[in-house]
Number of protein chains: 2
Amino acid sequence: MLKKVLLGSLGAALVLTAGILLGHFAIQKGSTTPDWVMDVTQDVNEALIQKFIAEVDNIAIQENLRSDAGYQSINLLNQIRRCWKLYQCLYISFFSSLIFHIFFYLLKQGKYSDSQGKYSDSQGKYSDSQAPYGVIGVLVYTDPWDINDGKMSDTNETYPYSWYMPPSGVERGSFNTHYGDLLTPYLAAKDDTYRIPAKNITGIPPIPTQPIGFEDAYTLICELGGEPAPSEWQGAFNCTYNFGGPGFKPTSNFNNSDVKLDIYNREELKNSANVMGVIQGSVEPDRYVIYGNHRDSWVHGAIDPSSGTSVMLEVTRVLGRMVKQGKWRPRRSIIFGSWGAEEFGLIGSTEYTEEYYSKLSERSVAYINVDIAKPSLWCLFAFLKVKTPGSDSTSVYDNWIRYFNRTSPAYGVIPNVGFLTGAGSDYAAFIHFLGITSMDISYTYDRTKTRARIYPAYHTAYDTFDYASKFIDPGFTSHQTVARTAGNVLMRLADSLLLPFNCSDYAETLEGYLNKAMELYTDGLAAHMISIEPLQTAVRNFRSAAARLDQLIRDSNLADETPLKVRRINDQLMLLDRAFLDPVAFPDRYGFRHVIWASSKAGQPTFPGLADAYTRATSTGLDSDWKEAHRQLSILIQAIQGAAHTLGDVI
Amino acid sequence: MLKKVLLGSLGAALVLTAGILLGHFAIQKGSTTPDWVMDVTQDVNEALIQKFIAEVDNIAIQENLRSDAGYQSINLLNQIRRCWKLYQCLYISFFSSLIFHIFFYLLKQGKYSDSQGKYSDSQGKYSDSQAPYGVIGVLVYTDPWDINDGKMSDTNETYPYSWYMPPSGVERGSFNTHYGDLLTPYLAAKDDTYRIPAKNITGIPPIPTQPIGFEDAYTLICELGGEPAPSEWQGAFNCTYNFGGPGFKPTSNFNNSDVKLDIYNREELKNSANVMGVIQGSVEPDRYVIYGNHRDSWVHGAIDPSSGTSVMLEVTRVLGRMVKQGKWRPRRSIIFGSWGAEEFGLIGSTEYTEEYYSKLSERSVAYINVDIAKPSLWCLFAFLKVKTPGSDSTSVYDNWIRYFNRTSPAYGVIPNVGFLTGAGSDYAAFIHFLGITSMDISYTYDRTKTRARIYPAYHTAYDTFDYASKFIDPGFTSHQTVARTAGNVLMRLADSLLLPFNCSDYAETLEGYLNKAMELYTDGLAAHMISIEPLQTAVRNFRSAAARLDQLIRDSNLADETPLKVRRINDQLMLLDRAFLDPVAFPDRYGFRHVIWASSKAGQPTFPGLADAYTRATSTGLDSDWKEAHRQLSILIQAIQGAAHTLGDVI
């Protein structure tokens, strides 16, 4: 998982309303009624969902994890009806890093190899430093303040005594800014696919980066000279963190020393496989609900990603048995994907979306991602009537609303849902490139009780079965809850007569974004003769189209209607996120086509393209940058109007 | 109409098979059968089509034309249920020209204004000539050889004595290489839309161009000195056409004279309106069949476009009456569009597709274009059981197959259908930008009897009602035939239970393209280590997917099946052309996203992107150009595979 953990991040407009459970429409069959009439009007069967929930077994999940879920997944996916492997030949770059505490000033002052402030690798790449401030390399570590609540001692505080990361733990990760195979943008990486020259790759760090454990970082940081760094740079070490400018303290043994950075990064073409499984839908096989997780990991990866894989395997085991016993067939098709090469930049899932672009765009109802099934201490998030672990009465829904809520103008206090604005895991290509409504489910811990931004063994060699079973989820009941929740969501998406999406929630988000944009940008735009008013109009039109569709749904007894009317409404809901795509909006940013959810550098809760362009224009003052701000505004207005057309009266 | 006339050009895979007329499925209603069952399984009603054909009135069309159809269309579209005007603020450039005979050598030698070979207009644009050979301006005319079968005399040969163009006739047209509003690429031209700076416009001629009549051209050409031009440059004038290098003949009165070119071109922002009408579908209102023609013309435009508009008005009159009388409602929605600003670069229709991109992409079944309803002498082309003008027994289909046929491996001798590879009329944005299956219907003359590449008054001031009614279609029976044919096609597209598309015909086209590509490119590609084999595989996969879908259709009694199965198959057919779109395939060519039908400079009947890239690579020999050829091959393969996925088993 690349992202900072999103608390219960539930993407885009996909809000599974708890209430839309239309009664089953039982047609009393006359002799002349076609057989298919009952099938096409069938809604979710609540009893089957309860059956699924009852059968999900925590011990089965535990054994999946113990037996190395990732590598077993190829065989275990046989539990469902059809499965196959898709091989791809991928470019994998072993650059790694995550920036938390970076002491690049040290490196800037330390001279490397040729004392010219230049760095050469064996391929002659990066021969001049392309990074800011002339930095030629980065050491990165995770400070105990950020991950361990300050705990540092491996004699009694860190793993194996607790869930905290030991001093030798090294958190690595990908630092790519583009996702997917960097050699084959917009093309699936097959053997014969055209690959761009490696020197033309963009989106990777221009300088080498090396993650280290905090025990090594301690040795270096506490010896740094220069001015003290600001308070937000200080960490848990028992010393003042200095800028190190220039070099180490005069009193240090390291004084006048360089840090030598030996890099063993390499770039290779490797094969990777996505393992796919399918349960064919009975009524609308041409509608897909996709459930995915990656299979590759940094080192062991018991939690990331194998907790998710163990859960997926259990979901497929239970659903597969229901199918084989003839007890259940989903209305829509379900596709399970076990992705390869996620940690190198979401490569497996991205190449899959490129290869199957047309049919996935045409037919996908939603994508569900579960990669870290449970970096959990206590319970916080999940869904509906699934019970929280260790409780017979509290539902995940209740717990969610208790720990992470917001106040909606329409509904009052409701569970809060994060936005999938980044490219943190395999949902990225589905939401940003294909415009498929996506969600990312994880079960996390009570954030009032720890500062850890993620479970401390994340992306280290300590993320093992022993760690998971002792400190993360003894008894695997949280895993069980995630499996129940994910399967519950999956079955509702697959079986509901009406897709459980609420487009008025999307309107609420757009209105929030609009208010923020008006607050921040109205005056500045007006000073350049650009009116924000058409954006207001577009958002108003979207709201009114969403309200009309909601009204139509409320006024219809869908089980009595022609199945083509239900399909029409479902298509409007399914294609809503597609309508926000603009393939020419962000030409320099691979795969980001969704004008609402694209990531943004501006750091404001508003429309990303406008925010970034406006920020740039105010910073440079260039006429061309103000023109780009206007262009981004026009793109945004057209996309919102287009989405309103998708939701509005169909003709 | 911008294009060279395409003989019965019928775009993309849209082949309306004559045969797929499934019997009506009459369900004997039991008391428990839902009311909608009969509606959703209803197929085309042949009797209603016959009723439509019978009611189409040639005199009504004549009176539409006499009363200035274009300007009446706004009111007359009231004949159908709902209509409205969409205003757009468009950039209109009054540059004009079509190249047939160009004697730019004359202009090259003649010096203009400052005798430096430079030209300045009042805005300082084109201050250096950007055209090849240092040309600074172009005079363009239409030679009597090309348009008049050599006839030149206005005392007894040309109009008003015949259909031939008089010596003073000036054929103008747009010379833009991009279509749509050049100031608002990919954005609908609304009041507040961002417009690029005029100096950044691409796709217009870099030098001024002035069309003249052949009487003026005669005066100049026959005085030109220099070497004789090649035989294909010679025309109908009674002199040898010389290159004119340098200047006029020493014996000419013009010797040592310059040609002075006074240009009154201007660039303006103007408002233009599309006039839209809708008949809402009864069963699948969220599926659109679009019928369009433009309303603007060069000078009077009795034939281009008003013949098409007169026909559209008659179609709406007859269909509108059937709807109002309660005799008919189409299964799918029908949208009529009367486009503005076509002659300036297909602007009205293009801006419409940009504004309604999402819903048109999601829902459009087909686009039918009828702009020149009939530059006709004798009959050649149309459809099905509609009778040819002046015959009670010969169908348009029979006549078509007689005059313009091809031999298909699968069907034997069948009517030939041209490809919509260019941007000749308002279908361009529908097929190339949106990937909507499109057809362009026109009724044309017997090409064995004239060399005229189009009716001679085309785009001149002589294209009048008098001209049309005397020399093109006295009695307006050919107009009537076009109206019957277009309406027939329209009703079948709107009402057929199964869309009348034949995807195996698409496979035949791809195989033809593949064979040509293999013949031309295999060795050259192999010499650069690029294998064409994956392209063969992709085409084979497409063929097999198309065959399986055909088989599924043949094996199904669709009237007995669930309507969701019929919808599924129809969606596969509808979305087939969409699957060939790639928005990043041709980044420098506005609006060309369809990798099969994009226009090509290579002039080969094969895949356009590959053909152009290969031609360029062989010409320059640059490694980067061979890489682009490989990239185009990969794009093509992925698109064909994607289209095969769209047609193949849905899961």
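This is a predicted model: local features need pLDDT of at least 70, side-chain atom pairs count only at pLDDT 80 or more; totals for chains, interfaces and linings use all residues.
A residue counts as buried when its relative accessible area is under 20%. By that cut-off, B:R332 is buried, because its relative accessible area is 1%.

Side chains of opposite charge can pair when their charged atoms come close. Over all chains, the structure holds 52 salt bridges. B:R332 takes part in one of them, meeting the side chain of B:E284 with an N to O distance of 3.6 Å. This pair links distant parts of the chain, with B:E284 in strand β6 (residues 284–294) of chain B and B:R332 in strand β7 (residues 332–339) of chain B, 48 residues apart. B:E284 has a relative accessible area of 2%, so B:E284 is buried, and B:R332, at 1%, is buried as well.

A second salt bridge joins the side chains of B:R453 and B:E171, at 2.7 Å from N to O. Here the two residues are 282 residues apart: B:R453 lies in the loop between β11 (438–440) and α13 (465–472) of chain B, and B:E171 in the loop between α6 (144–147) and β4 (209–211) of chain B. What is the relative accessible area of B:R453, and is this residue buried or partly exposed? The value is 23%, so B:R453 is partly exposed. B:E171, in contrast, has a relative accessibility of 5% and therefore counts as buried.

B:K190 is partly exposed because its relative accessible area is 31%, while B:E355, with 14%, is buried. One more residue of this loop is B:P206. B:P206 has a relative accessibility of 23%, so this proline counts as partly exposed. The C-alpha atom of B:P206 is separated by 8.7 Å from that of B:I136, although the two residues are 70 residues apart along the chain.

Aromatic rings come next. A pair of aromatic rings is described by the distance of the centres and the angle of the planes. The structure holds 69 aromatic pairs over all chains. Among them are A:Y352 and A:Y356, whose ring centres are 5.3 Å apart; their planes stand at 45°, so the pair is tilted. Both A:Y352 and A:Y356 are buried. B:Y179 and B:F592 form an edge-to-face pair, with 5.7 Å from centre to centre and 80° between the planes. B:Y179 lies in the loop between α6 and β4 of chain B and B:F592 in the loop between α18 (576–579) and α19 (608–620) of chain B, so the pair ties together parts 413 residues apart in sequence. Both B:Y179 and B:F592 are buried.

In chain A, A:R451 lies over the face of A:W145, at 3.7 Å from the ring centre. Chain A also holds a cluster in which ring pairs link A:F419, A:Y506, A:Y513, A:F542, A:F580, A:W597 and A:F607.

Finally, the two chains meet each other. The size of an interface is often given as the accessible area lost when the parts come together. Between chain B and chain A, about 5,300 Å² is buried, and carbon and sulfur atoms give 62% of this area. In chain B, the residues that lose the most area to chain A are B:W36, B:L564 and B:I651, which together account for 16% of what that side buries. Contacts between the chains involve 65 residues of chain B and 65 residues of chain A.

Across this interface there are four salt bridges, and the side chains of A:D571 and B:R287 meet in a salt bridge at 4.0 Å from N to O. The interface also has 29 residue pairs in polar contact. Elements that give two or more residues to the side of chain B touching chain A include β6, β7, α9 and α20 (623–647) of chain B. The largest share of that side, 10 residues, comes from α20(B).

Key. Residues are numbered from 1 along each chain as its sequence is written. Chains are lettered from A and ligands numbered from 1 in the order in which they are written. Side-chain values use heavy atoms; hydrogens and water are left out. Helices (H or I, at least four residues) and strands (E, at least two) are DSSP runs, numbered from the N terminus. Buried means under 20% relative accessible area, exposed over 50%, partly exposed in between (1.4 Å probe, protein chains only). Rings of Phe, Tyr and Trp (its six-membered ring) pair if their centres lie within 6.5 Å; planes under 30 degrees apart count as stacked, over 60 as edge-to-face and the rest as tilted. A charge sits over a ring if NZ of Lys or CZ of Arg is within 6 Å of the ring centre and within 35 degrees of the ring normal. Contact means heavy atoms within 4.5 Å. Buried area is the accessible area (1.4 Å probe) that two parts lose on being put together, summed over both. A polar contact is a pair of N or O atoms within 3.5 Å; within protein, one must be able to donate a hydrogen and the other to accept it, and residues adjacent in sequence count only if both atoms are side-chain atoms.
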